[in-house]
Amino acid sequence: MNGEDMSLYPIPISSRRTRRERGNEIIEFALLLSLLAPMLLWVFINGMNLIKIIEASQVCRDIGNLYIHGVDFSTYDAQQVATTLASGFGLQIGSSFSGNSATNDANSGNGLVIVSEIMYAGSSACSALPSGTTCTNENKYVFLQRIYFGNSSLTFNGNTVASALGTPAATINSYGYVENYLTDPNAVSATAGNYITLADTQVAYVSETFFSSPNLGFASYPGGGVYNRTFF
Amino acid sequence: MRKQLVRRTREKGVATLLWLGFLSLVFIILPMIGLAIDVGFVYAIRAKMQAAVDGAALAAARALSIGATLASQETSAQNNAVTWFNANFPSNFYGIASVSMSASNVTVATDPNNAQLMDVTVSATAQVNTIFMRWFGQNTVLVGATGKASRRAVVAVMVLDRSGSMCWNGSTYAQPCTESTAGLPCATMISAAKQFTGQFAEGSDYIGLISFSDDIYIHSLPTTSFQSTLGYTNSSGSGTGDLDNVACYSGTNTATAMSMAYQILEQTNLPGALNVIVLETDGLPNSLLMNFYNSSTNTTALVQPTLVKGKLTGGSSCTDSTGKTLAQGGFGSSAVIPQWMQFSMNFANAPFVNSSDSFWTSSGPFSTIPSGMVGVVESADPGEAGVTNEFSVLMNYWSKTTAQTPQSTGSSGDPFNAYTAVSTPGCAALSNGGSPQWVSNPTDLAYFPPTDVFGNQLNPSAYTPYETVTMNGTNVAIPTSGANEPWQNWHNGVINATDYSAYQARTNTGIPITVFAIGLGGNTTTGPPDPILLQRMANDPNGDEFNNPAEYQPCADETGCATFSSQPQGTFVYAPTAANLSQAFLRISSQVLRLSK
């Protein structure tokens, strides 16, 4: 103002308002950010989880499809195929092994795969037993095969994951085949009937995948990880 | 003051921008985010639905085996598809508004490019509730998915062992035995085989049946009405048929039965189908159908006479059709070759062929089997009591002249009592009527031919043989020195020829044939089934998947085991006792049905 007396120039009302409004942009920005940031984060996490859900669903489907076509997931080679399908999900199967193993599930990583073959054991199925042998599991769903690989210590929301079909305590050989499935009560699946209804001797092949997403996990969505189950 | 004025000037329109920003947030960014979230959910649901219809289609294809008619099989497929879809895609999945999937969404049709292929198509749609898009009037989105699966028709020939050891359960031995002899493996095998046929689709799959002991019997060529022809058991019910008539008795001529099964599949000629042989046996093969006359060289396998002082002396005492021995100038042409087997090689009248099968009346696959010096050679099983290290050359079991059913016990209870003895006139050490003549050395023979009548090589050249066989030039030697000889060399040759019979089937380029094998243990201690041989025949590289502890190891870990990755891989299941036999058959049927999809 070149040394002129400022009082000679009354400050316009708009200028006074401007002075009072100093910092408004920051506040507005902060308010907007407080709204936008969680929303964007929520969108990002949901978007990522949706992608994971879609991918996990496809992985579960593909593993089941291989399983029903006879791929032997008790072998390391077949499990490697599954890890390739599930790349990005952190499915780990440990070091290479020869032969067969129905339970390669003591690994780290963020994934667990369970494949099962179940059957409804009606009177026709029980007729396979020699005469005089009691068909203990008649009219029940029984496991014919069960194979695990990945990390069975995986937790969703603090709970260790488990097959929706239950865990057979019967003797299972290295190929995953359940022994004495008609006579051993430990071969029964108490929950299979909740999901599917099979006729006598009818068989269903089931693939279940569990993938946790610890880096993006929302406690309430979707249960701390992604679980898929496909019946073939 | 000027700065303030400048700032004020610069800030002109900021409010408008902010307002525009707010409006864009409300009307553009938030809807876009909402749209992205809704679309994301829709894609997630669609992925789930795709998995559901894929699973439903495969289950529907599998269900084509259920039902006695094509219409009922289609209904089974539709019902299965709905059941599997509902299991994979619950109606409350992720807030689905409604799902449209019923039997009408499942179509079953013959593949336009392959008559042996049935295509199942499953489609489904669902209305998905939106979260954000409903603000703009879009409450639901329609999601759809289609899955397709195919099932090849199965052409299977069951090759069932009805040897005498099937009549032994460890405490009882009642030979011959039948379905009505409860508690013996023969009856269990019949029951298990009927369960096997019950797993396949009457009307679209084809199943035939051969049973074998020393002789073989073709009960039925592959037929689509196999459940009514052979009998069956499944969840729909049961029926009786040829399987119920099988009677067990005598030896184990596995190679001949395998070769007949192979040639039957070749003649059936359905390359678009899944062609399989399902072999069940409880023992070691010990018999082959041999031809001792080589028409191309006009030579016989008989011991030749020697020239002594200008005169032929010695040699086999067998005579030709004019009554002359080799030393007497016999066997000089094909015209005088004796008919050791009594039946004509017109298979329309052959005793081991079901005469109702018109398949055999013309130039069938077995018209190439020569008549003449032909017969079954049976060896004793290892350590078999009473006939240890012996064999019977020219068994009479193939010589039945009247049309009968050798698998039937007949009125007297002896399936072979109506047989006419084979005639090997003049021979010293060959069976010649009456009971088989067991010898430790078939002194009439100089060697065994290198193949049986089906071309199964006793010492295969295409790969390393399972057993070692001593050769005499291009023929199989009959060594008289060495442990257990000459029995051991013949025994090894039979094992190799049986292995080769499966190799021949698997390497057929026109109709690839997959061999499945079931070994039944516990029936005999002198000749139980050899897991390695059956692994080789099934071309199964895996170890024992059926028993714990495993009865045998993966092929790569077994001495003498070999598989071929370029050939169809089947499955071998070892049932330690008859109690496991039905489950073994079901395991095989499951594997076959898996391959058919």
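I looked up the bridge partner of B:Met471 and found B:Val476, which sits in β20(B). The model is a predicted one, in which local features need pLDDT of at least 70 and side-chain atom pairs count only at pLDDT 80 or more, while totals for chains, interfaces and linings use all residues. Residues are numbered from 1 along each chain as its sequence is written, and chains are lettered from A and ligands numbered from 1 in the order in which they are written.

Next I followed the strands themselves, taking helices (H or I, at least four residues) and strands (E, at least two) as DSSP runs numbered from the N terminus. β19(B) and β20(B), the latter covering residues 475–477, run antiparallel and are joined by two bridges; two strands pair if DSSP finds at least two bridges between them. The open sheet to which they belong has three strands in the order β18-β20-β19 (chain B), with antiparallel pairing. Its edge strands are β18 (447–448) and β19 (471–472) of chain B, each of which pairs on one side only.

I then turned to the domains of chain B, whose bounds come from an automatic or database domain assignment. Domain 1 spans 28–152, and domain 2 is made of 154–285 + 493–595. Their C-alpha centres lie 39 Å apart. I noted 13 residues of domain 1 in contact with 14 residues of domain 2 in chain B, where contact means that the C-beta atoms of two residues, placed from the backbone, lie within 7 Å. On the domain 1 side, the elements giving two or more residues are α3 (70–88) and β3 (114–129) of chain B, and β3(B) supplies the largest share, five residues. That side divides into six nonpolar, five polar and two charged residues; Ala, Val, Leu, Ile, Met, Phe, Trp, Tyr, Cys and Pro count as nonpolar, Asp, Glu, Lys and Arg as charged, and the others, Gly among them, as polar.

Last, I checked where chain A meets chain B, and found 43 residues of chain A in contact with 43 residues of chain B. On the chain A side, α1 (13–20), α2 (24–68) and β7 (225–231) each give two or more residues, and α2(A) gives the most, with 13 residues. I sorted the residues of this side into 18 nonpolar, 22 polar and three charged. For chain A as a whole I recorded five helices and seven strands, running α-α-α-β-β-α-β-β-β-α-β-β from the N terminus on.
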